[in-house]
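Me: I would like to go over a structure with you. Could you take my questions as they come?

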Amino acid sequence: MARTLEHFRSGITALLLGLASLAHGDIGPAEKPDLKLGFIKLTDMAPLAIAWEQGYFLDEGLFVELEAQANWKVLLDRVITSELDGAHMLAGQPLGASIGYGTQANIITAFSMDLNGNGITVSKDVWETIKPQLAKDGDKPAHPISAATLKPVIDQYRDRGERFKMGMVFPVSTHNYELRYWLAAGGLNPGYYAPQRGDTSGTLQADVHLSVTPPPQMPATMEAGTIQGYCVGEPWNQQAVFKDIGVPVITDYEIWPNNPEKVFGVTEEWAQKYPNTHLRVLRALIRAAHWLDENNNANRAEAVKILAQSSYVGADPEVIANSMTGTFEYEKGDVREVPDFNVFFRYHATYPYPSDAIWYLSQMRRWGQIPEPKSDSWYMETAAQVYRGDIYAQAAQSLIDDGLLAASDFPDFSTENFERPFQGTLIDGVPFTPKTPNAYIDRFEIGLKADQTP
């Protein structure tokens with residue numbers, strides 16, 4: 001998507017005026033003003049789209065081309081090879097790359113793009129099988145729905161000599177860990193990885209076999225019968241409802257309220273080479289996230305129209321609006337209020353808390369992607385290396401200094417800011433203790449213990 005040139009003529013005056021009028025704190029001019037940033041066609045890429053459409057990039061002296069990528073692996077590889085300056089990433093991607101799971105590269109993030117935003121959907125056939133056993137809330141199924149309801153269906157598949165299969169978007173994706181968490185909370189083993197033995201399938205001892213499917217392809221893959229369900233971000237759960245091929249059974253907000261989802265990632269080398277450019281990108285993204293949530297989501301209807309464009313998400317506006325405007329449709333006609341399904345700014349959503357990183361690392365260890373035991377200090381050090389709140393604080397403070405946002409919009413940068421606030425309890429009731437990650441890992445009934453190797 002080449003959107004720089006068409007915006008240049010109409011935006012150059014605004015750019016010049018903006019640069020003249022804003023102090024930008026102590027940030028110097030961008031060392032690299034022409035940028036190409038990547039994204040996957042999901043609604044949570046919205047801060048990038050809004051930063052472009054509202055002229056926030058131009059305010060920073062940045063001429064940005066936003067380009068959709070085929071899948072998460074291609075996106076990561078292109079950031080590593082400098083074909084992309086940065087990208088919309090899965091929150092686990094900078095961590096996976098930095099610890100050498102898959103491709104080894106030093107990737108950092110100084111911006112959390114959103115909270116929540118995912119769902120788990122099953123096919124209509126699976127839904128019709130489990131629906132009669134569900135508890136009722138009035139005339140509708142009671143939520144949250146436990147993964148234990150899938151056990152009779154899985155047993156039927158096993159009796160026929162078949163595997164019950166579900167899709168997720170990438171091995172180090174939020175979706176993989178949320179789906180695994182939900183399944184394990186319901187007594188189902190989603191399988192282990194054993195990279196030290198060359199087994200990266202993630203299906204060792206699995207009751208449910210998980211595999212990678214790019215987000216836009218999820219509905220069609222399920223409709224074809226290749227998978228029986230999936231975990232994905234929007235609009236691809238609502239697309240299944242819209243096409244009447246599947247039913248979302250749970251949202252990630254029900255699994256863990258205000259869970260971290262996507263981040264903006266760059267290589268550490270790029271951030272060191274272009275520090276002013278990095279800070280200016282962050283300023284634009286922070287302003288975009290604020291716009292998305294300000295005045296009680298008053299701008300979401302406009303955001304839906306923007307995201308529906310083929311150059312961004314390219315889905316029907318009605319489908320995108322289902323979640324972006326604070327509602328979510330489960331079974332057709334079962335529309336419920338979920339005001340925090342997509343959170344971009346409130347609850348300090350944009351700050352890259354180390355606790356977010358530690359939760360992802362704990363799940364990598366739980367399922368064998370990190371095959372060997374690690375000390376608590378290793379988790380802390382890795383989180384600090386990859387999730388860069390110090391860089392975020394520079395960008396945010398400059399926005400405060402310029403009068404564009406208020407100090408109350410952000411965490412108190414004079415404090416530790418280690419653990420993400422405003423989070424609810426995980427669905428299985430196991431308390432997340434980010435300062436003692438090994439003790440946290442040991443609490444799970446299903447999953448490797450902190451000292452085990454798959």
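Reply: What follows is a short exchange about the chain as a whole and then about helix packing.

Reply: This is a predicted model, in which local features need pLDDT of at least 70, side-chain atom pairs count only at pLDDT 80 or more, and totals for chains, interfaces and linings use all residues. Residues are numbered from 1 along each chain as its sequence is written, and side-chain values use heavy atoms, with hydrogens and water left out.

Me: How many helices and strands are there in the chain?

Reply: The chain has 19 helices and 18 strands, taken as DSSP runs (helices H or I, at least four residues; strands E, at least two) and numbered from the N terminus.

Me: And what share of the residues is buried?

Reply: Of the 454 residues, 62% are buried, meaning under 20% relative accessible area with a 1.4 Å probe, protein chains only.

Me: Changing topic, at what angle do α2 and α14 pack?

Reply: Helix α2 (residues 46–53) meets α14 at about 95°, and their axes are 10 Å apart. Axes are lines fitted to C-alpha atoms over the stretch in contact, and angles run from 0 to 180 degrees between N-to-C directions. The two helices are therefore roughly perpendicular, a term covering 65 to 115 degrees.

Me: Which residues make that contact?

Reply: Ala46, Ala49, Ile50 and Glu53 of α2 touch Ala303, Ile306 and Leu307 of α14, where contact means heavy atoms within 4.5 Å.

Me: What about α13 and α14?

Reply: Helix α13 (residues 275–297) and helix α14 (residues 300–307) pack at about 145°, with axes 9 Å apart. Trp291, Leu292, Asp293 and Asn297 of α13 contact Arg300, Glu302 and Ala303 of α14.

Technical notes: Angles under 35 degrees count as roughly parallel, over 145 as roughly antiparallel, 65 to 115 as roughly perpendicular and the rest as oblique. Buried means under 20% relative accessible area, exposed over 50%, partly exposed in between (1.4 Å probe, protein chains only).
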